[in-house]
Amino acid sequence: MAIVEIDKGSGFCFGVTTAIRKAEEELHKSGSLYCLGDIVHNSNEVERLESKGLNTITHEQLRQLRGVKVLLRAHGEPPETYATAKRNGIDIIDATCPVVLKLQQRIKQSWAEAAASGRDAQIVIYGKRGHAEVNGLVGQTQGRALVIESVDEVDRIDFGRDIYLYSQTTKSLEGFKRIVGEIGRRVHPGVRFQSFDTICRSVANRIPQIREFAKQHQLILFVCGKKSSNGRILFAQCLDANPDSHLISSEDEIDAAWLKGKDRIGICGATSTPMWLMNRVKDYVTRQV
């Protein structure tokens, strides 16, 4: 009989766990709560909470609401969101991840110090344009920060101006280091360049562990929502360590052919993947093999 096991390091990170706990507490009290954007980048978990009374809204819908409670998810929000809530008498339940909140504060401080010193500085953020967390980070600079998604985009930076480089918390540490190296090689003499490694270690530290887990199994089923940034990073590591790795959002996407002849099957996921979903995948696979 095949061994089917779940990676013990997979599952919600601290920030997501806190956001979901706050949502469930309010839903238990009142039976209804608004959430600005998907509470987590996993449609299965979003649907579970929506069945309990969570209403996912957009920023446009937020501007139309008055006197309600709105949860801000772990990704964080720009200052404009808080201003809108104050104008509209909205009670904010702030579930911004402490790691993200600290990053927001650091970027805001760098921006303010650069402005006060009179130096022509650039705040550069290594991240995914349009991502909720990145929108919140850019908002700390009045929308002026430059976002680059990879080392291939460093040409967009003005190497004749001071550069302060930060990273979205869920980006690749390896990718960040490549960008730091490239900027360091190209920055003009006399220009100040400072880089700040702001990548969350709940993702970065999982990479060696998840690679080892992938090597120990014949087949890897990586359970992850389609919108998860850290999920794409972690799955890429699984695939590199074990070519027989497959990205799925639920057990419905499993191809029976993958399971044939496999004696050791591993299941893992992103920091946005609920443990109950990985357990459901495990139960399904166990019945098949």
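Predicted model: local features only at pLDDT ≥ 70, side-chain atom pairs only at ≥ 80, totals over all residues.
1. Local features here need pLDDT of at least 70 and side-chain atom pairs count only at pLDDT 80 or more, while totals for chains, interfaces and linings use all residues. Residues are numbered from 1 along each chain as its sequence is written, and side-chain values use heavy atoms, with hydrogens and water left out.

2. The structure holds two aromatic pairs (rings of Phe, Tyr and Trp, the last by its six-membered ring, with centres within 6.5 Å; planes under 30 degrees apart are stacked, over 60 edge-to-face, the rest tilted). Tyrosine 166 and phenylalanine 196 are stacked, at 4.6 Å centre to centre and 15 degrees between the planes. Tyrosine 166 belongs to strand E8 (residues 162-167), and phenylalanine 196 to the loop between strand E9 (193-195) and helix H8 (201-204), 30 residues apart. Helices (H or I, at least four residues) and strands (E, at least two) are DSSP runs, numbered from the N terminus. Both tyrosine 166 and phenylalanine 196 are buried (under 20% relative accessible area; exposed is over 50%, partly exposed in between; 1.4 Å probe, protein chains only).

3. Why is the pair of phenylalanine 222 and phenylalanine 235 called tilted? Their ring centres are 5.8 Å apart and the planes stand at 55 degrees, so the pair is tilted. Phenylalanine 222, in strand E10 (residues 219-223), and phenylalanine 235, in helix H10 (residues 229-241), tie together parts 13 residues apart in sequence. Phenylalanine 222 is buried at a relative accessible area of 0%; phenylalanine 235, at 14%, also counts as buried.
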